[in-house]
Amino acid sequence: MYKYETHMHTMEASACSNSPAAEMAEKYKSEGYDGIFITDHFFNGNSAVPRDLPWEERIELFCKGYENALARGREIGLDVFFGFEYGDGGSDFLIYGLDKNWLLEHDYILEMELTKFLELARSDGAFAVQAHPFRDYPYIRATKHCPHFVDAIEIINASHPLDTPFNSHAAEFARWYDLPVTAGSDAHNTNDRWYGGGVESETPFKSYKDYAEAVKSGTLKLLDRKN
C-alpha cells in the first residue's frame, strides 16, 4: 500500500503553521509516507503572505511552501503535489490540480462568490474537496455546505479528537448527497500538530488525477489520527 497526506500546511504560507516545508517533508518520509499534498491556506484563509503586496509577489510567496517541500522531496524520495485551501469564513475547500500559473492568471478569485469560484476551478480541471464541513469552534460564525459544487467530502480530518462529532457528521453529509469521501490530517507542524492521517492506495499517485480517480472509485483506505 502507498500512503499519502492530502491536507497539510507549511509555515512559508500558512500563518497557523510553525514548521518549514522541508521539515514537514522529512517528517512524512520518516513516518513511511510515499507522498504529500501541500494545501496551504490561500489569501482568504489564515495566510502568512502579506496582503499589501502585488498579486504576482503574493503568489510567488504563497507557492514557496510547495516548492520547498518539492525540492526536499526530490532529495529524499517523497512525492510532493500542489494544492491549496480556499476559505470562505468558516468553510474551507481543498483545491487540487491547479498550479502557480493558474493562480497568477486569475487575480480576481478573491472577489468571487464561493460557488462561482468552485465552478470556475472545476471547469478548469480542479478536483475540489470540502474540508471538515462540520468543524465547530467559537471563532467560526457560520459555515456553507456546497454539495453540488464539490467532487468529494473530507470525512476524516485527523486533527479533530476522536470523540468529536465533526467527522461523523461529515460522513453522514456525504451519504446524504451520495458524494465520494476522503481523509486528511490537517497537519500544521511536525510535533504537536502532526496527526498521521491521510489515505492509503494500492497503486501510487503520479499526479492529482490519480488521487481524484481513487477517491471517486472508492478504493482508498481512509486513515484516522495516529494517536
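A residue is called buried when its relative accessible area is under 20%, exposed when it is over 50%, and partly exposed in between. The structure above is a predicted model. The exercises below apply to it.

**Exercise 1. Is Lys 209 buried or exposed, and in which helix is it found?**

Solution. 
Step 1. Find the element: Lys 209 sits in helix H7, which covers residues 208-217.
Step 2. Take the relative accessible area, which is 52%.
Step 3. Compare it with the cut-off: exposed requires over 50%, so Lys 209 is exposed.
Step 4. Tyr 96 is 113 residues away along the sequence, yet the C-alpha atoms of Lys 209 and Tyr 96 are 8.7 Å apart.

**Exercise 2. Classify Ala 48 by its accessibility and list its contacts.**

Solution. 
Step 1. Ala 48 belongs to the loop that joins strand E2 (35-41) to helix H2 (55-62).
Step 2. The relative accessible area of Ala 48 is 35%, so this residue is partly exposed.
Step 3. With neighbours within four places in sequence set aside, Ala 48 contacts Met 11, Glu 12, Ala 13, Ser 14 and Ala 15.
Step 4. For a distance across the model, take Leu 220: it is 172 residues from Ala 48 along the chain, and their C-alpha atoms are separated by 32 Å.

**Exercise 3. At what angle do helices H1 and H3 pack, and which residues make the contact?**

Solution. 
Step 1. Two packed helices are described by an angle and a distance, both taken between their axes.
Step 2. For H1 (residues 21-30) and H3 (residues 64-76), the angle is about 45 degrees and the axes are 7 Å apart.
Step 3. Roughly parallel needs an angle under 35 degrees, and roughly perpendicular needs 65 to 115. H1 and H3 are therefore oblique to each other.
Step 4. The crossing of H1 past H3 is right-handed.
Step 5. On the H1 side the contact is made by Ala 21, Ala 22, Ala 25, Glu 26 and Lys 29. On the H3 side it is made by Gly 65, Asn 68, Ala 69, Arg 72 and Ile 76.
Step 6. Now consider Ala 25, in helix H1. Its relative accessible area is 0%, so Ala 25 is buried. Leaving out neighbours within four places in sequence, Ala 25 touches Ile 36, Ala 69, Arg 72, Ile 76 and Leu 78.
Step 7. Ala 25 and Arg 74 are 49 residues apart in sequence, with 10.0 Å between their C-alpha atoms.

**Exercise 4. Which residues have the most contacts inside the largest nonpolar core?**

Solution. 
Step 1. The largest nonpolar core has 67 residues.
Step 2. Those with the most contacts inside it are Phe 42, Phe 62, Phe 84 and Ile 95.
Step 3. Examine Phe 42. Beyond four places in sequence, its contacts include Trp 55, Ile 59, Phe 62, Phe 84, Tyr 86 and Leu 103.
Step 4. Move to Tyr 86, in strand E3 (residues 79-88). Tyr 86 has 2% relative accessibility, so it counts as buried.
Step 5. Not counting residues up to four places away, Tyr 86 touches Phe 42, and also, among others, Phe 93, Ile 95, Met 112 and Phe 117.

**Exercise 5. Where do His 132 and Asp 186 lie, and what is the phi angle of each?**

Solution. 
Step 1. His 132 lies in the loop between strands E5 (127-131) and E6 (152-157).
Step 2. Though not a glycine, His 132 has a positive phi of about 30 degrees.
Step 3. Asp 186 lies in the loop between strands E7 (181-184) and E8 (198-201).
Step 4. Asp 186 is not a glycine either, and its phi is positive, about 65 degrees.
Step 5. His 132 counts as buried at 4% relative accessibility, and Asp 186 counts as buried at 6%.

Definitions and conventions. Residues numbered from 1 in each chain as written. Predicted model: local features only at pLDDT ≥ 70, side-chain atom pairs only at ≥ 80, totals over all residues. Heavy atoms only, no water. Core = buried A, V, L, I, M, F, W, Y, C linked by side-chain atoms within 4.5 Å. Buried < 20%, exposed > 50% of the residue type's maximum accessible area, 1.4 Å probe, protein only. Contact = heavy atoms within 4.5 Å. Axes fitted to C-alpha atoms, helices over the stretch in contact; angles between N-to-C directions. Helix = DSSP H or I, 4+ residues; strand = E, 2+ residues; numbered from the N terminus. Parallel < 35°, antiparallel > 145°, perpendicular 65-115°, else oblique. Left-handed = near helix turned anticlockwise from the far one by under 90°.
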